[in-house]
Amino acid sequence: MSALIEVKGLDKAFGGVHAIEGLSFSVEAGQIYSVIGPNGAGKTTLFNLITGLYTPTAGEIKLNGENIVNIPPNKLAERGMCRTFQQMQICMNMTALENVMLGRHLQLKSNFLTTLLRLPSLLKDEADCRDHAIELMKFVGCGDYIETEASAMSYGALKRLEIARALAAEPKVVLLDEPAAGLNSVETAELEELLKKIAAQGITVVLVEHDMKMVMGISDHILVINYGRKLAEGTPEEIRNNPDVIAAYLGG
Amino acid sequence: MLKSLTQHRLSGLALLAIIILLVPAFLNNPFQYDMATLVLIYATTVVGLNLLVGYAGQISLGHAGFFGMGAYFSAVMTSRFDWSPVPTLILGAALVGLVAYIVGRPILRLKGYYLGMATLAMGFIIYITLNNEGWLTGGPDGMPVPGLSIFGWELSTFNTYSFLGMEISGSLAWYWLMGVMLILGVWIAQNLIDSPIGRALRSVHGSEVAASVVGVDTPKFKNLVFVVSAIYASLMGSLYAHFQGFITPESAGFMESIIFVTMVVLGGMGSTLGVIFGAALLTLLPQLLADFHDYEMMMFGLILMLTMIFMPKGLLPTTQAFIRKKLHKKAEDKA
Amino acid sequence: MFSEFLQYLFTGITIGATYALIALGFTLIYNASHVINFAQGEFLMIGGMATVSLIGLGFPLPVAMVGAILLAALMGIALQRFAIAPAKQADPVTLIIITIGAAIFIRGIAQLVWGRGYHSMPNFSGDVPVRIGGAVVNTQTFWVVGIAAVLVAGLVFFFTKTMIGKAILATSMNKVAARLVGIKTDMVLMLAFLLSAVLGSIAGIIVAPITFTSYDIGIMLGLKGFVAAALGGLGSGMGAIVGGLTLGIVEAMTAGYISSDYKDAAAFGVIILVLFFMPRGLMGARVVERV
């Protein structure tokens with residue numbers, strides 16, 4: 001089986017500082033793949049590189065064997081990659097449902113003419129989109145917020161809403177940047193279940209996370225980075241016993 | 001029943017149609033009709049501009065440039081080349097749309113104040129050109145524009161017409177024509193807003209990154225709405241030229257652009273009825289202030305400043321929020 | 001040939017120095033509060049008009065100048081206190097309209113007090129022009145460039161050597177952090193508007209003998225200052241100076257070699273062209289957007 005995401009010799013420098021340096025790894029399809037590391041290790045930068053928000057200084061990134069460097073985020077979405085953000089990116093000028101419906105942007109077939117004249121095909125398309133979005137909101141546990149303005153929702157609910165929006169795009173792979181940050185233990189447990197359900201649908205999940213208990217519990221494979229470089233890679237078991245990792249985390 | 005009626009997506013449009021139908025009952029002379037028609041022209045223009053500023057969140061400080069281009073295209077082609085007005089204004093709108101498309105691509109990559117700067121500069125270049133190419137445009141003194149002839153009818157504010165056995169004045173005919181244009185403009189805008197395209201536009205305002213990672217081609221949508229709003233402005237510019245019978249480059253000027261944006265912001269960004277209200281207010285305000293003669297400019301500035309300071313969300317949304325709060329309180333008191 | 005070029009260059013530098021001062025005013029306010037103050041041009045108008053009218057009342061030039069600068073400074077503070085401060089949470093577009101409203105208000109008062117006519121102001125020293133390499137240079141040019149240079153040097157000193165200057169810089173970088181270390185950020189905002197008004201009014205006074213002055217000169221001069229600030233990169237002091245001078249020279253060259261009808265169009269054409277390639281101006285910070 002070939003890798004879904006393949007990163008080789010990736011490098012990103014801001015000014016003279018290397019946020020990511022010589023990083024290589026690959027993510028197999030169907031895995032829950034976690035990226036961990038101390039604060040400032042370059043995890044979010046890595047996500048921004050993979051999802052096309054930043055352009056690498058050097059190195060290559062492949063999705064399904066095709067080079068995706070210099071491809072804008074919206075084109076990557078067309079290729080089945082979607083993500084959430086550490087600093088949540090929710091459209092606060094819309095309702096919760098509209099945010100999720102936005103996620104189905106690529107699935108909609110309307111064009112300018114059907115829109116201007118509001119033809120039946122558009123209305124049918126929108127109704128389907130709405131049903132699908134409501135289903136997804138229930139799936140992530142936001143069923144109570146369907147008509148709520150996004151700006152009126154709690155932090156934890158918004159975190160799940162962002163995941164629903166990513167799933168609405170029917171991705172092959174979702175990249176989730178610290179989905180558990182700021183959640184209490186009950187919410188974290190619910191999130192863990194949700195991630196397992198997503199993976200069970202055959203969607204590859206790439207995770208940046210600080211909650212070690214969750215990472216160790218659900219990951220198939222873990223990548224540890226520090227100062228933008230790979231520190232270790234392996235199964236949760238291997239990572240737990242890796243002396244370099246222990247040293248980095250305990251500040252040794 | 002009443003609730004479902006008021007919440008229908010076109011309830012605002014229905015309300016607007018009723019207002020347009022009722023207004024003539026309060027108008028007494030041709031001057032008042034002409035003011036009302038002017039309100040309708042500006043209102044339709046800013047309904048288009050609101051798509052760009054209110055929904056997609058992109059500043060334009062040069063929109064009068066498009067208005068002026070449409071106006072001058074109609075004026076020059078109909079007066080100097082004897083083109084027929086209606087095809088001319090449609091062709092003009094298509095050309096202005098094309099210009100907006102070409103300029104929009106690079107300009108709309110800019111954000112915030114830089115976008116404001118670039119659109120302002122674009123508007124100024126159009127204004128300066130209209131001012132300087134006097135051989136074609138009549139220069140700063142302006143140029144006369146023939147009346148609007150539709151299927152052989154010469155629509156002029158000086159004429160009277162018989163329609164279905166009724167005598168109507170030219171001013172009233174213009175009023176009805178522009179009333180229909182506004183309704184049409186609002187209907188099209190509303191259809192755009194209540195659609196995946198509208199959702200994509202609002203997401204550009206809400207979070208451009210979020211929009212792009214779910215697959216929205218944000219540059220394309222920004223450019224689309226820029227073109228649409230330019231076409232609104234161009235069409236209205238053409239009609240304005242025929243209606244007034246005379247135009248000057250000031251109709252493309254910086255102050256005019258600022259007034260357009262102010263109509264949007266003052267009325268309430270993202271509220272179609274609000275911006276129409278804003279257009280009415282800013283068109284009529286100078287008339288009301290004219291009695292103050294020398295104090296007119298000072299009062300205008302003061303009113304602009306105070307409204308924006310105390311109602312930053314715009315007049316209509318602020319009023320709506322106020323009423324909602326009152327009603328809510330009433331309901332609570334009852335409970 | 002060369003003397004012609006030199007002539008245009010001097011003209012360009014003179015008007016460019018004025019633009020640079022206006023742009024610095026924009027920069028000061030932008031850095032302190034992220035507001036683009038469209039009333040900036042009105043400070044110039046007040047500077048020029050108040051000086052002219054004080055001279056008309058019989059005051060000597062230096063006294064008239066000080067009076068005009070004080071008046072503008074007062075207006076700067078009033079603008080911040082009564083128009084900007086109450087609208088803290090407003091959108092950028094809303095803030096633009098507030099400052100434009102303020103500009104129209106100020107213009108309206110000026111028109112009421114001073115009328116609609118054009119006023120001229122005598123040169124600071126002598127009307128006999130100086131010849132340099134075949135170019136004829138108005139003596140006022142030296143005053144404009146000299147005073148602009150002194151003001152720039154003063155600003156550099158103020159921001160790098162004085163406590164208050166550093167406090168303003170700190171506030172512009174991080175308001176919360178500045179407040180935490182005990183800087184009164186409200187005072188800083190007021191100070192930024194005051195300084196900006198002083199700069200603007202001085203620019204208005206020194207350029208008045210060259211351009212004439214009237215109640216409505218603020219519109220165009222203010223916009224040119226905004227163009228200069230954006231050309232250099234909003235928020236960059238060096239950018240404001242480079243932007244101002246570039247703009248002045250481009251205008252003078254266009255007027256000289258192409259057509260004076262299109263000198264303003266050239267200014268606006270240059271800003272569009274530069275922003276196409278450098279979306280944050282010539283010297284603007286290349287900020288990486290954080291998500």
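In which strand of chain B is B:Ile247 found?

**Entry 1: conventions.** I noted that this is a predicted model, in which local features need pLDDT of at least 70 and side-chain atom pairs count only at pLDDT 80 or more, whereas totals for chains, interfaces and linings use all residues. Residues are numbered from 1 along each chain as its sequence is written, and chains are lettered from A and ligands numbered from 1 in the order in which they are written.

**Entry 2: B:Ile247.** I located B:Ile247 in strand β6 of chain B, residues 246-247. Strands (E, at least two residues) and helices (H or I, at least four) are DSSP runs, numbered from the N terminus. B:Ile247 counts as buried because it has 24 C-beta neighbours inside 10 Å. The cut-offs, with C-beta atoms placed from the backbone, are 20 or more other C-beta atoms within 10 Å for buried, 12 or fewer for exposed, and partly exposed in between. I then listed its contacts (C-beta atoms, placed from the backbone, within 7 Å). Not counting residues up to four places away in sequence, B:Ile247 touches B:Ala71, B:Tyr72, B:Ala75, B:Gly142, B:Met143, B:Val145 and B:Ala241. The C-alpha atoms of B:Ile247 and B:Pro140 are 9.7 Å apart, and 107 residues separate the two along the chain.

**Entry 3: sheets of chain A.** I traced an open sheet of six strands with mixed pairing, in the order β6-β7-β8-β3-β9-β10. Strands pair if DSSP finds at least two bridges between them. β6 (81-83) and β10 (229-234) of chain A each have a single partner strand, so one side of each is left without a neighbour in the sheet. On average, neighbouring strands of this sheet are turned by 20° against each other, direction ignored. Strand β9 (residues 221-226) runs antiparallel to β10(A) and is joined to it by five bridges. I found A:Arg229 of β10(A) to be the bridge partner of A:Asn226.

A further open sheet has four strands in the order β2-β1-β4-β5 of chain A, with antiparallel pairing. Its edge strands, β2 (17-28) and β5 (66-67), each pair on one side only. Five bridges join β1 (residues 3-14) to β4 (residues 58-63), and these two run antiparallel. A:Glu6 stands opposite A:Lys62 in β4(A).

**Entry 4: chain C.** I counted 11 helices and two strands in chain C. The radius of gyration of chain C is 19 Å, close to the 19 Å of the globule rule for 291 residues, so chain C is as compact as a globular protein of that length. The radius is taken over C-alpha atoms, and the rule is 2.2 Å times the number of residues to the power 0.38. Of the 291 residues, 50% count as buried. Of the contacts in chain C with a separation of 6 or more, 76% are between residues 24 or more positions apart.

**Entry 5: chain C against chain B.** Which elements give two or more residues to the side of chain C that touches chain B? The contact takes 39 residues from chain C and 34 residues from chain B. The elements in question are α4 (92-114), α9 (217-232) and α11 (263-277) of chain C. α4(C) provides the largest share, 16 residues. I also looked up C:Val227: leaving aside neighbours within four places in sequence, C:Val227 is in contact with B:Met117, C:Leu247, C:Ala267, C:Phe268 and C:Ile271.

Conventions: Axes fitted to C-alpha atoms, helices over the stretch in contact; angles between N-to-C directions. Contact = placed C-beta atoms within 7 Å.
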